[in-house]
Amino acid sequence: MRKLLEYEGKELLKNNNIRIPRGRVASNVDEAIEIAKNINNFDVVIKAQVLAGGRGLVGGIKFVNTKKETEEEAEKLLNSKIKGLDVNKILIEEKLDIENEIYVSFMLDRTDKMSKLIGSVQGGVNIEEVSNSNPAAISQITIDPLIGTHDYHGLYLFNKFDISINVKKNIADIITKLYGIYKNQEAFLVEINPLVITKKNEVIAADCKIIIDPAASYIESNDFPRYIPLDGNIGVFANGAGLTMATMDVVKEFGVEPANFLEVGGDHYKKAGEALEFLLQKKEDSLDGLIINLFGAYARTDIIIEQVIDVLKKRNLTIPISFRIKGTGEERAKKMVENELNKKVHMNIESAVQQLLSEI
Ligand code: GDP
Ligand code: MN
């Protein structure tokens, strides 16, 4: 289990265009003073970077106004333990003018093996506590991995709560982006608590907790592509581990067996051509058909298809191939498949597999 520190998680949020407070991390007092001065003339929050929640309640979060206070509190925090953990880094951030604090998260629910989107209007406190003391303040939605998250999920999640529509739209947009992080990082949990609504109606992630699946550590390794040979005769090419598994399941439901597990997750979609080459090198002689199932969110399906078409043409592959494409880049990807391969693109995986089997 890999837990990210607040500032590491916020870095991911920022890279995915979710707004966070202006700030930077420091590992000594001098750095802290320099940052505090530059970002907000010492009107800042100093936050201990330890892997623990509820830091606010145990002195891990300090509000200061002056250089002297910054120096004192930074010094104190860096020499303290918060919840038994050494503080090696502190995050210095602008103070937010808070109107409201809400809660949003995606988490893997192990009981029904589905991802859940959870929202609450009672942010800033532990969600388990809210769930005990005021369950009506929490709302949740199960996410279908083939559909992913769209703005209506966020709107629906906060539907019953009294928040202005513009802020709700902003929250919905953040939720969609947060799901992208959840999926790409193969996280167990991504949580923004609190998601702050400021007096000016801005929506800013003030704290964040991200826990990454240990099995997803290949994302940082050079194992590419992540490929597992299987005994069947239907090649499976999909992007993302979840989608690949789902595709294999559907193939099996139709009474045939997948020839492989191959996943082109995260940034690897840019190397989809290489991945397909790899699969064909390993399996070409034993394949009776190939199913290509793409779901674009972060990954662009048109960029993947471009590469797939190159490989198919180069190899002059003659076995039946069937496509299902949804999401980012879909229109362009479809046109390429139709124009260059003279093939229909399916809307859902079942009909794609059906067509494949009818051609075998
Ligand atoms: P945690 O206690 O470890 O979860 O740390 P958080 O970062 O969530 O901070 C705890 C609480 O401090 C938040 O819920 C806010 O109420 C408050 N807080 C954090 N940052 C700011 C800020 O910039 N301005 C104000 N006014 N309050 C803040
Ligand atoms: Mn928090």
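Predicted model: local features only at pLDDT ≥ 70, side-chain atom pairs only at ≥ 80, totals over all residues.
Figure 1. Residues are numbered from 1 along each chain as its sequence is written, chains are lettered from A and ligands numbered from 1 in the order in which they are written, and side-chain values use heavy atoms, leaving out hydrogens and water. The C-alpha trace of the protein chain spans about 75 × 45 × 35 Å along its principal axes. Look through the chain and you'll find eleven helices and 19 strands; these are DSSP runs numbered from the N terminus, with helices being H or I of at least four residues and strands being E of at least two.

**Figure 2. Ligand 1 and the 18 residues that surround it**. A residue gets into this shell if one of its heavy atoms lies within 4 Å of the ligand. Lys47, Arg55, Gly56, Leu96 and Glu101 are the closest. Sorted by class, the shell holds seven nonpolar, five polar and six charged residues. For that sorting, Ala, Val, Leu, Ile, Met, Phe, Trp, Tyr, Cys and Pro count as nonpolar, Asp, Glu, Lys and Arg as charged, and the others, Gly among them, as polar. Four strands each supply at least two shell residues: β3 (44-48), β4 (61-64), β8 (98-109) and β11 (187-198).

**Figure 3. Zooming in on the oxygen atoms of ligand 1**. Arginine 55 places a polar side-chain atom 2.7 Å from a ligand oxygen. Glutamate 101 also uses a polar side-chain atom, at 2.6 Å from an oxygen of ligand 1. With leucine 96, a backbone N or O atom is involved instead, lying 2.8 Å from an oxygen of the ligand. On its own, ligand 1 has 560 Å² of accessible area, and the protein covers 81% of that.

**Figure 4. Proline 194 and its cis peptide bond**. The bond runs from asparagine 193 to proline 194, with omega near 5°. Proline 194 is found in strand β11, and that strand also supplies at least two residues of the shell around ligand 1.

Figure 5. Glutamate 186 is in the loop between α6 (165-184) and β11, and it counts as buried because its relative accessibility is 18%. Asparagine 342 is in the loop between α10 (330-341) and β19 (345-346); its relative accessible area is 71%, so it is exposed.

**Figure 6. Glutamate 277 and its partner, arginine 315**. Glutamate 277 lies in helix α8 (residues 272-283) and counts as buried because its relative accessibility is 14%. Its side chain is joined to that of arginine 315 by a polar contact of 3.2 Å. A polar contact is a pair of N or O atoms within 3.5 Å; within protein, one must be able to donate a hydrogen and the other to accept it, and residues adjacent in sequence count only if both atoms are side-chain atoms.

Terms used
Areas by Shrake-Rupley, 256 points an atom, 1.4 Å probe, with all protein chains shown as cover. Buried < 20%, exposed > 50% of the residue type's maximum accessible area, 1.4 Å probe, protein only.
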